[in-house]
Amino acid sequence: MILFTKLFLAHLIGDFLLQPGRWVVHKEANKIKSKYLYVHVLVHFLISMVLLWDLDYLLPVAIISFSHYLIDLAKLYATPFFKLKSVPFFIDQVLHLMVLYVVVYYQNLWPQTEMLFSKIDWGLVTAIVFVSFPSSIIMGKLLEAMSDKIELDHKSLPNAGKYIGIIERLFVLMFIIMGRWEAIGLLIGAKSVFRFNDLKESNNRKLTEYILIGTLLSFGLAILSGIVYKAF
């Protein structure tokens, strides 16, 4: 479980935290010729090796990195055939996780030694990383079909909604770990109060439904992360 958690954490960092938007645009435009495709795979390889800190895992990490390259390349060429761009994104993520699972399942094929940072709670680190930028991107993919049908207020601060969502998910995760579920209700209530005036003035039912779905998704991802962390 520790091995899978570390590999999953490396995946979250490499795919979401250390992959700028300009890399994604360049890859979509140039596909196999994009230099960032190879830089992206190299970043994944290096992060995985740093987190594992064991040369005995060189071969499995190399296998994971090469499969990551193939899956990403396939997604680049398949994306234009999908009406919803979120579909290839989620297929891509599922395939990456399947590769990680298979590699961990067959971990007994190579020797294991004591790994560095063994006292770190890798499950907690992974949960914290997941509820930050990865969750924001996942929500964006899930809501992209709805966002095209409403008029969003662009007068707000740049990326304010994204960072508010990250902070609220971190609070929810903390409350679940502490066992203070009632605090989550207070957080939802506080957010509703702050949003009430904006929704009342806009008188836009679609916007209200969009914000409600986004809020429930945000809290849901954080709650799910907390439950999974406490379960393992």
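Modeller: The questions below go from the whole chain to single residues. This is a predicted model, in which local features need pLDDT of at least 70 and side-chain atom pairs count only at pLDDT 80 or more, while totals for chains, interfaces and linings use all residues. Residues are numbered from 1 along each chain as its sequence is written, and side-chain values use heavy atoms, with hydrogens and water left out.

Biologist: How many helices and how many strands are there in the chain?

Modeller: Helices (H or I, at least four residues) and strands (E, at least two) are DSSP runs, numbered from the N terminus. Read along the sequence, the pattern is α-α-α-α-α-α-α-α-α-α. The count is therefore ten helices and zero strands.

Biologist: What percentage of the 232 residues counts as buried?

Modeller: Buried means under 20% relative accessible area, exposed over 50%, and partly exposed in between (1.4 Å probe, protein chains only). Of the 232 residues of the chain, the share that counts as buried is 39%.

Biologist: Which residues does Val129 touch, not counting residues up to four places away in sequence?

Modeller: Contact means heavy atoms within 4.5 Å. Under that rule, the residues that Val129 touches are Leu9, Leu12, Ile13, Leu17 and Pro134.

Biologist: Why does Val61 count as buried?

Modeller: Val61 is found in helix 4 (residues 58-78). Leaving aside neighbours within four places in sequence, Val61 is in contact with Phe45, Ser48, Met49 and Leu52. Val61 counts as buried because its relative accessibility is 2%.

Biologist: Is Val94 buried or partly exposed?

Modeller: Val94 lies in helix 5 (residues 86-105). Because its relative accessibility is 46%, Val94 counts as partly exposed.

Biologist: Which residue forms a salt bridge with Lys27?

Modeller: A salt bridge is a side-chain nitrogen of Lys or Arg within 4 Å of a carboxyl oxygen of Asp or Glu, and the structure holds two. In the pair with Lys27, the closest N and O atoms are 3.9 Å apart, and the partner is Asp72. This pair links distant parts of the chain, with Lys27 in helix 2 (residues 21-30) and Asp72 in helix 4, 45 residues apart.

Biologist: How far apart are the closest N and O atoms of Arg180 and Glu182?

Modeller: Arg180 counts as partly exposed at 42% relative accessibility, and Glu182 is partly exposed at 44%. The two form a salt bridge, and the distance between their closest N and O atoms is 2.5 Å.

Biologist: How far apart are the end C-alpha atoms of helix 10?

Modeller: The expected span of a helix is 1.5 Å times one less than its number of residues. Helix 10 (residues 205-231) has 27 residues, so it should span 39 Å. The distance between its end C-alpha atoms agrees with this, at 38 Å.
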